[in-house]
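The exercises below ask you to read packing and pairing off a two-chain model. Work each one with the coordinates open before turning to its solution.

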Amino acid sequence: MKFLARLILIGTLTYVLSLYAPWWVLFVVSFGVCFGIHGSSINAFIGGFLGVGLVWLVTAWVLDYQSNAVFTDKMVQLFPVEDGILLVIISGVVGGVCGGLGALTGNSFKQLFVKQRKKSIYS
Amino acid sequence: MKTFRFLFFLVLSIALGISLNSKIENVPPLGKILSPFEGYLQNIEKGEDPVNRVLAVESPVTVYFDEINIPHIYAENDHDAYFMQGYLTAKDRLWQMDFFSRVVMGRLSEVLGERAANFDKLNRRIGLKKMTYQVWENVQEFPEVKTGMEAYAEGVNAFIDELDYADYPIEFKLLDYEPEPWSPVKSCLAYAMLSNTLSRSEADLENTNAMALFGEELFNMMYPEQLGNLDPVIRKGKTWDFEPKKVVSNFRNIISKTPQTIDKPSPLYGSNNFVAAGSKTKDGNVIFANEPDLQLTQPSIWYATHLHTPSLNTMGVTVPGTPTILIGFNNEIVWGVTNSPRDQVDWYSIKFRNKSRKEYWYNNQWFKTEKVVEEIKIRGQASQFDTIVYVHHGPVVYDKNFYGDNEKINHAMRWVAHSPGNTLTAMYKVNRSQSYQEFETALTYFNGPPQNFLFGSKAGDIAVNLPGKFPIKPEGKGKFLLDGSQTDQEWTETIPFEHRLWDKNPDQGFLSSANQHQVDSLYPYYVWDHHYEYFRNRRINDRLSLMNNIVPKDFMKLQNDNFNYHASESLPAMLDSLDTATFTSAQRSYFTQLNTWDYFNEPELLAPTYYQLWWDILYNKIWDEYDTTNITVNKPHRYVTTQLLQNNPDFKLFDIIDTKAIETVNQLYYLSFVEAVDSLASLNNSSTKTNWAAYKNTQIPHVLKLAPFSRENINIGGGKGIVNAASKSAGPSWRMIVEMNPEGTKAWGIYPGSQTGNPADDKYGHMIDKWAAGEYFELLFGEDISQSSKVTSTLTIKPEQ
């Protein structure tokens, strides 16, 4: 549940805030969300990676698709990759890695304040 | 441990964030540029533009856009017209405008880094920045022009203010910098930019070198001032009924060598204009054609606009960043320009008193110099400081810090363009001229760069005018480096406007110009340039004198004419010299191709390629002497070369220096023919296409030479010296045909590019293939176009409350 909540929250907030703020707001989002809903490091990373990465990937893919990939196919010639769709995927990965790192940072920050509690049977 | 882990991730996140937000070497900031929310994907046009806007105009403005996206700005006053011109030009070309202003101001290194530093230094040294500020100062005398410059800048800034990073043109994102505010001074950049392209071409130092290398007799044969069979801009035999101003005829050329010379604009890209009077046209209306040829780039050098106010209804093209229309037409008149090459630069050798360079020797005494330190800011590095020493002639461009040949050389530049005058005011007034008289008065303000102004009017007048500032010089002066210490080496006066070159309503019923010699020897002033056109002018005049009942289509055909005049004059002798009995089969087929050719450089033909291959090899063999020297000299013109081949077969330099034998002209023809056939074979072996368009490979690169935003291998014929002057990197940059129809001016136009400068736009470069095919768009024009079916969208602007 916490994983899904993190993922959805990171994705939604990244999407909404990116419309108004610079791209690096994703660090703030994934940091904040994982500070709020912390968990294991690997869980946090994957949540951040997928949360941001999917939003970037899908948004990029939609814009690319709507424009018949014409401009991506031009831009890709400036990069050392061959295919336009690879550039879209790379966009997703770049967003994902940043999101994942932000999430790890937020999560590990929260760990500083969390005392090890006895495991509850409900969690 | 936890703290360490947190700090580790924190530092890693921040480091990643910063590096993806910055340009590193040539890699653009990947985070920013790949983000689908603000990166390159945001440059894709998103459907319809808004139809209503509120902007800082004084009254409501309506803008109609046509099928090629030309804005037709209908405003109630000048301020609003120029405000919207600035706003809409920026919308399509903001990055290009910023780039132009950085070129002129010598500030390219701020965004491109060290690789542009020498370019910036050169542009500061030759004074482009200084000139631009001077133009702005001169504009102050003309409040109406000043208002235009200011309103234009306001419009550009209104657009810039609307932008977020996501909206920045892609070039800003790739180079990772922000657009900076526009200013009225920048609105004056066209003067320095066009002067730099059009009037700075000279060969004084190259000529001085050539004179030292070859001596006077050979020099005069290789670089003659006039040759027979020329067809000048001003028809031969025109007489001049004024008393010319006297000129001091003392001057002394210096014998010296300047090993390396500064970069200069190519002397000739080729531009044509021609006009037929009513007596030559089918409907009795003046028909006009103009096409300025420049280096072709994307975004295109030109931007088309239609400005309409109660006192103005003018359409045409201008350089982005410049208000008014530079080439165009209104209800009553049409005008167009070609460059009129005419020596505008002199170089003076300067002697400094000592290494401090605080004083220089002039008129037998030491005079004080002036020093200006220019700071060239360089991205990612410390600024470079360049000290420019000024003497009364002008800036000492060549000195110990710049092309100075180990402190041996100090050359000061005197360039007529350094005193800018009121060229922009002239254009402002030309835009509003309603008759020949008004047009002529407007030209009195024109100060250069020298242009052949062709004119036509609804009233039926046709005229050509060569206004501008031309120093009065004795014959032969200004071709070589001059002695900067002597008073009599300088020019002091310029030719008065009343004594300028002009012609109006000649009996022949047509006028034209194509960068050729301006006038025959009857003109009482000395006219000279180092490089003239010899072919296009003759082809155009040959055709015009034969043409009657002209309709606009005929002029379109002439603009796209591919007749290779040079081939028609050189190839017959080349072919006749060959011994056909000894041919190999490859040589025979090469020969046959050329022997059956009609001299038209059509894109699909092989013969133009065969001719060009052969000629280029021949030319290099003839002037092989030039390859043995490492000082800069210009090879003679190919027209002169052909004349020498045919009239002076014993010319000394025809001998190939690497061989013991003394080659004759016929041997040169033969040797180069054999080599040409071999080079064709190797081209064919590597399966390179050898039809003319493919071999010539006309290209339109992006200004930053980014391959995906560039075009190459454009399927167009023509070439250098051909009316359709599309060479590898230059060509017709705006083709315009105008008929002064009494029911309303009719016009057609096209340029190799698009109004939009956005490579992400579907329409980017959409006119290129039509341009190559010789097609035109009929231009929407008139007092009221609101009901025209050619209007594709309308934008209404309301003033701010």
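**Exercise 1.** How many residues does the contact take from chain A and from chain B?

*Solution.* The model is a predicted one, in which local features need pLDDT of at least 70 and side-chain atom pairs count only at pLDDT 80 or more, while totals for chains, interfaces and linings use all residues. Residues are numbered from 1 along each chain as its sequence is written, with chains lettered from A and ligands numbered from 1 in the order in which they are written.

Step one is the count: chain A contributes 29 residues to the contact and chain B contributes 31 residues, two residues being in contact if their C-beta atoms, placed from the backbone, lie within 7 Å. Step two assigns the side of chain A that touches chain B to elements: helix H3 (41–66), helix H4 (70–75) and helix H5 (84–111) of chain A each supply at least two residues, and H5(A) gives the most, with 11 residues. Helices (H or I, at least four residues) and strands (E, at least two) are DSSP runs, numbered from the N terminus. Step three sorts this side of chain A by class, giving 18 nonpolar, 9 polar and 2 charged residues; Ala, Val, Leu, Ile, Met, Phe, Trp, Tyr, Cys and Pro count as nonpolar, Asp, Glu, Lys and Arg as charged, and the others, Gly among them, as polar.

**Exercise 2.** Describe the make-up of chain A.

*Solution.* Begin with the elements: chain A has 5 helices and 0 strands, and its C-alpha atoms fill a box of roughly 55 × 25 × 25 Å along the principal axes. Then take burial: of the 123 residues in chain A, 47% are buried, that is, 20 or more other C-beta atoms lie within 10 Å of the residue's own, with C-beta atoms placed from the backbone. Finally, among contacts in chain A between residues at least 6 apart in sequence, 75% join residues at least 24 apart.

**Exercise 3.** Which strands are the edge strands of the open sheet of 11 strands in chain B?

*Solution.* Write out the order, S1-S29-S2-S3-S7-S8-S9-S10-S18-S19-S21 in chain B, whose pairing is mixed; strands pair if DSSP finds at least two bridges between them. The edges are strand S1 (52–55) and strand S21 (501–504) of chain B, each of which pairs on one side only. Within the sheet, strand S3 (residues 71–74) and strand S7 (residues 303–309) of chain B run parallel and are joined by 3 bridges, and B:Ile73 has B:Leu307 as its bridge partner in S7(B).

How values were computed: A residue is buried if 20 or more other C-beta atoms lie within 10 Å of its own, exposed if 12 or fewer, and partly exposed in between; C-beta atoms are placed from the backbone.
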